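Let's walk through this model together, one element at a time. Keep the viewer open and follow along.

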Amino acid sequence: MKLPKILIKVFSLFFILVLFYIVFVFYIFIPKIEQSAISMDDALGKAQLSKTLQLVQQYSQELKYYKQIALEERKNELRKLTDIVYDIIEINYQKSLQNPKDLDILQRQTLDLVAKLKYANNDYFYISDYNSTLISHPYLKNKDFSNITDINGHLIVPPLVKVAREKGEGFIRYWWKKNTQDSKPYEKLTYARDFAPWKWVVGTGVYIDDIQKEIDSRKVFLINKLKHILRTTKIGKNGYVYIFDSHGNMIIHPNSNIEGVNFRYKLNPGKKTFLFDDLIEAYKSGKKTLYYNWDTPKDKGNYIYKKISWIEYSKDFDWYICSSDYTAEVHADSDNLKRFIISSTLIMVFLLIFIGSYILKQIFNPIVEVAQNAQKVINGDLKARYKGKVHNDEIGLLAMQFNHMLDTINTQMDTLDLKVQEKTDELTKALHEKEILLREVNHRVKNNLYVINSIIGLQLFQNECIKMEEFVKTIQQRINAMAIAHDMLSDSENITNLKSQEYIPLLVDSLIKAYIKNPEECECVYDIDPIPLELDKLLACGLIINELVTNIIKYAFISKENYLFIGFKEYSSYLELTIIDRGKGFDISIVEKGVGLELVTMLVGQLNGTISFENHNGTQITIKFK
């Protein structure tokens, strides 16, 4: 049988490689075996050193994580404690809303109560106003902290007020004395939370020096754990790992007489330098390797044996980590290794010659058969398949994929018509869903046209003498409020998920442009949550905003410094729409006679909501609904 070309090429390459291997081993590798063995030992020592360094770094990260967890626990405790005081303030605030005359009394009672609250180790709460004056504090009440700093010159209360006002809550850290008997400053973690209705910042803090004590205790535990690991670690026969700090204290050493001792001024045997200084200099020079004389476990005190130490440094612990071995053991290993390599090389060459040919033939036979079948497929025979034994390797996978590819081609040809029909059915179903959506949109448009008709009738019935220009403009804006919603509907794939945070600014901007000659004279502020609404509710909100903002523009904007705030917030059980201006306020008895308020009241009723008015430096209108 004629051998395939690929097998001839592989066999030729195989014998050439064997020949080169023999030349390499006997003329290059063996003469340098001793150097290689030393390099291997060097790599082993460095590998063990790297492994130990990684373990030390792991312990360092564990300590950092431990500290972070402890700090987060303190933060959670401060949040929970402050929430209790915050709830007390909130309760009294709600009482003040019911009885505004009792506001001052309730605030004083709240401040007095908070100043008396204590927990844990005589820890307390405080309340600061927005000017950084402590209006409630067990020891420093009514003290101005706007310019008071800690030992590092950092302000204390102003950053608390700032983070609370900007983010609602937050933490800062500063240094402060624990009590009058202890003048030493300690680091303190303080939490602050903003209570905007009364312009108060409430919070509490704890000293965190006890966290460091826990970390130090954890560090001792990890060192003992590391000692146990390193005492069972060997490099070669007698090599080991030891650790010392930058002050010369031997942290870990297998010799109990050296461990825990300061060897800062121990001479390097045979030299006039200190071993500690030589180790540090070897690391800082970049060599990270030091050769020196030392004793052995079997010949203690006789410092005549050559030794090598590999050195690394852990910045987190300020530790120097060293792995060491005796050079004599390295040479002994190299001699053994040379003998082993020579004998094993000769045996391996003969085995490769006799066994390699058989293995290569078994490996490439499936490739040859697959190649032959591929040629049959090219010639039009789609029934050609690999029929040999399939092994669990890449070549076996290639044969299986070849057969699978041909099976897939046959299957796809047989099922093409079925897939075309399935795709047609999917398109038909999608078209039917679009028709349903179109009918739903048409139904809602008709309903909105009826609403427009009713609004026009209501306007005519209530205001028979209204000027035609004003009448038309009012109706236009109401229709515009509905038109903007329908524009958004045309861009949306779902009529129950319209974006209120886009709709409301568009509507208000259109009203300002319609009624104000110079829109730059109006400052508009929005605070709108991304609340998805269905079309009916969005239109109701839009008409409400249209009526209220129109009245504000007509009657509250009487200067060039006009202010308008629109808020739409989502809470756990209801939505809240808030509109605020800084005008002169209004007379509810006069406003109730207008069509606008009647329309607003009707729309709020449709939403099953409530509406409230407040006059305080302007007008605030609040509407709540589910």
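Two strands count as paired if DSSP finds at least two bridges between them. Helices (H or I, at least four residues) and strands (E, at least two) are themselves DSSP runs, numbered from the N terminus. Before we start, note that this is a predicted model, in which local features need pLDDT of at least 70 and side-chain atom pairs count only at pLDDT 80 or more, while totals for chains, interfaces and linings use all residues. Residues are numbered from 1 along each chain as its sequence is written, and side-chain values use heavy atoms, with hydrogens and water left out.

Let's begin with strand 1 (residues 118-119), which runs antiparallel to strand 2 and is joined to strand 2 by two bridges. Here Tyr119 stands opposite Asp123 of strand 2. Three residues lie between the strands of this hairpin, and Ala120 takes a positive phi near 50°.

With strand 3 (residues 133-136) strand 2 pairs in the antiparallel sense over two bridges, and Leu134 in strand 3 is the bridge partner of Ser128. The hairpin of strand 2 and strand 3 also has three residues between the strands, and there Ser132 takes a positive phi near 70°. Strand 7 (residues 200-207) pairs with strand 2 over five bridges, again antiparallel, with Trp200 of strand 7 opposite Asp129.

Now turn to helix 3 (residues 103-116). Its 14 residues should span 20 Å at 1.5 Å a residue, and its end C-alpha atoms are 20 Å apart, which agrees; the expected span is 1.5 Å times one less than the number of residues. In helix 3, Leu106, Gln107, Thr110, Leu111, Val114 and Ala115 are buried. They cover an arc of only 165° around the axis, so they sit on the same side of helix 3; the arc is that of the directions from the helix axis to the C-beta atoms.

Finally, look at helix 7 (residues 327-378). Ile359 lies in this helix, and at 40% relative accessibility Ile359 counts as partly exposed.

Definitions and conventions:
Buried means under 20% relative accessible area, exposed over 50%, partly exposed in between (1.4 Å probe, protein chains only).
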